[in-house]
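Dear colleague,

Please find the sequence and structure below, followed by my notes on them.

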Amino acid sequence: PATFPFPARGDRRWRPFCRSELAEGDTFVPLVELRDDEGNHYGDAVAYVEHRASEPKGGKVLYAWFGLFDSPQGEALLHDLFAFVAATARGK
């Protein structure tokens, strides 16, 4: 779904991806963001990075906050992440 609630159970400590550690020139794609009812942004729960300017150059990272897997959407999200990795590996 386009939106879903913050997980109600499990370890709920919020650990977003830290964009500020990236270099200008790296590719950053937020895939799932945490926002409140007013639309305020609290960070990225799932993000994809290609290190083009920073070390390790050529490296790729797919970050997913573990708390999402305790949600009703967790299984579908995991499926989508594996599909994303497969598509990215094929260059699509």
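**Notes on the predicted model**

The chain holds 1 helix and 3 strands, where helices (H or I, at least four residues) and strands (E, at least two) are DSSP runs numbered from the N terminus, and the order of the elements from that end is β-β-β-α. This is a predicted model, in which local features need pLDDT of at least 70 and side-chain atom pairs count only at pLDDT 80 or more, while totals for chains, interfaces and linings use all residues. Residues are numbered from 1 along each chain as its sequence is written, and side-chain values use heavy atoms, with hydrogens and water left out.

Of the 92 residues in the chain, 26% are buried (under 20% relative accessible area, with exposed meaning over 50% and partly exposed in between; 1.4 Å probe, protein chains only). The largest nonpolar core has 7 residues, namely Val32, Ala45, Val46, Trp65, Leu68, Leu77 and Leu81, a core being a set of buried Ala, Val, Leu, Ile, Met, Phe, Trp, Tyr and Cys residues joined through side-chain atoms within 4.5 Å. Strand 2 (41-50) and helix 1 (74-89) are the elements that give two or more residues to this core.

Trp65 also touches, leaving aside residues up to four places away in sequence, Phe6, Pro7, Asp11, Arg12, Arg13, Trp14, Arg15 and Ala45, contact meaning heavy atoms within 4.5 Å.

Phe82 lies in helix 1 and counts as exposed because its relative accessibility is 56%.

With best wishes
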